[in-house]
Amino acid sequence: MNGHVLHMSGVGVRRGQTVLLDAVDWTVAEGELWVVVGPNGAGKTTLLRIAATQLHPTRGTVEVLGERLGRGDVFELRPMIGFASSAVAAQLEDDMRVRDVVVSAAYGYLGTGKEEYSAPDYARARALLGRWGVLRFEDRAFGTLSEGERKRVLIARALMSNPELLLLDEPAAGLDLGAREDLVRRLGTLAKDESAPALVLVTHHVEEIPPGFTHGLLLRGGKVVAAGPLEQVMTADHLSTTFGIGLKVEFDGERWSARAS
């Protein structure tokens, strides 16, 4: 993989007259933990869907885990990519057991049909549910969980196949303060795990960047404002340009914050 798990060169996405992404160059190396930040409509989710091999760009080239998008079989590639998003949640049946939501990701499925799962599969699913604090819900229907509980189940699901690349699309969206802080803490623990996969997290809010993340990509209007190590990217100038408002940015050694200047 030449040291990188994801590489985009000149990537653009157009829908009719609307440009969703414009000439994006971006590389995620092994072991890097990226946060993608930008306002609504910046192209963040589109970018993540391309990385998840669920969307092909209109132009440019994409390599995921050493495979050129458009040349190989994405169905063989997808089990190596963990992806948690509201779109994934929408495809799950509300009455599906939480344990099955997780274990069905072992081979890239969105539900349990005629597939047979082994005792080790279920043991891994239960271990992941425990790691994310939702094991007590394993027999509950997915649709009965709170928003925060569902988000943690989806992350456990995304980790089920032991992926080489983990993609999280706004995992803290819709959470109250307590649930958000609990999730950020757990993601910070994952960031410290040397066996963790390369990780990309999308958010609107710099306060949701977990401790231990290494790199940042700022998007506005489908274009890259800045990309690189967090300390170089998360500046007042870059973030003010990204959100179109003057911002004061602070870092306390672990967490970032921003407010109008």
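Biologist: Before we get to Ala 23, what counts as a strand here, and which strand is Ala 23 in?
Modeller: A strand is a DSSP run of E covering at least two residues, and strands are numbered from the N terminus. Keep in mind that this is a predicted model. On that definition, Ala 23 sits in residues 18–29, which is strand E2.

Biologist: What is the phi of Ala 23, and is the residue buried, partly exposed or exposed?
Modeller: Ala 23 isn't a glycine, yet its phi is positive, near 55°. Ala 23 has 44%, so it counts as partly exposed.

Biologist: Where does Thr 53 lie, and is it buried or exposed?
Modeller: Thr 53 follows H1 and belongs to the loop between H1 and strand E4 (59–64). Thr 53 also has a positive phi of about 65° although it is not a glycine. The cut-off for buried is under 20% relative accessible area. Thr 53 comes in at 1%, so the call is buried.

Biologist: How many residues of helix H1 are buried, and which ones?
Modeller: H1 runs over residues 44–51, and six of its eight residues are buried, so the helix is largely enclosed by the rest of the structure.

Biologist: Which residues of helix H9 are buried, and what arc do they cover around the axis?
Modeller: H9 spans residues 236–243, and its buried residues are Leu 239, Ser 240 and Thr 242. They sit on the same side of H9, because around the axis they cover an arc of only 160°.

Biologist: Which strands do the buried residues of H9 pack against?
Modeller: Packing here rests on contact, meaning heavy atoms within 4.5 Å. The partners of those buried H9 residues are strand E3 (33–37), strand E9 (215–220), strand E10 (223–229) and strand E11 (247–251).

Biologist: What comes just after H9, and what is its phi?
Modeller: The residue there is Gly 244. Its phi is positive, about 70°.

Biologist: Where is Ser 257, and what separation do its C-alpha atom and that of Glu 208 have?
Modeller: Ser 257 is in strand E12, residues 256–260, and at 28% relative accessibility it counts as partly exposed. Beyond its neighbours within four places in sequence, its contacts are Val 206, Glu 207, Lys 248, Val 249 and Glu 250. Glu 208 is 49 residues away along the chain, and the two C-alpha atoms are separated by 8.7 Å.

Key: Residues numbered from 1 in each chain as written. Predicted model: local features only at pLDDT ≥ 70, side-chain atom pairs only at ≥ 80, totals over all residues. Heavy atoms only, no water. Buried < 20%, exposed > 50% of the residue type's maximum accessible area, 1.4 Å probe, protein only. Helix = DSSP H or I, 4+ residues; strand = E, 2+ residues; numbered from the N terminus. Arc of directions from axis to C-beta.
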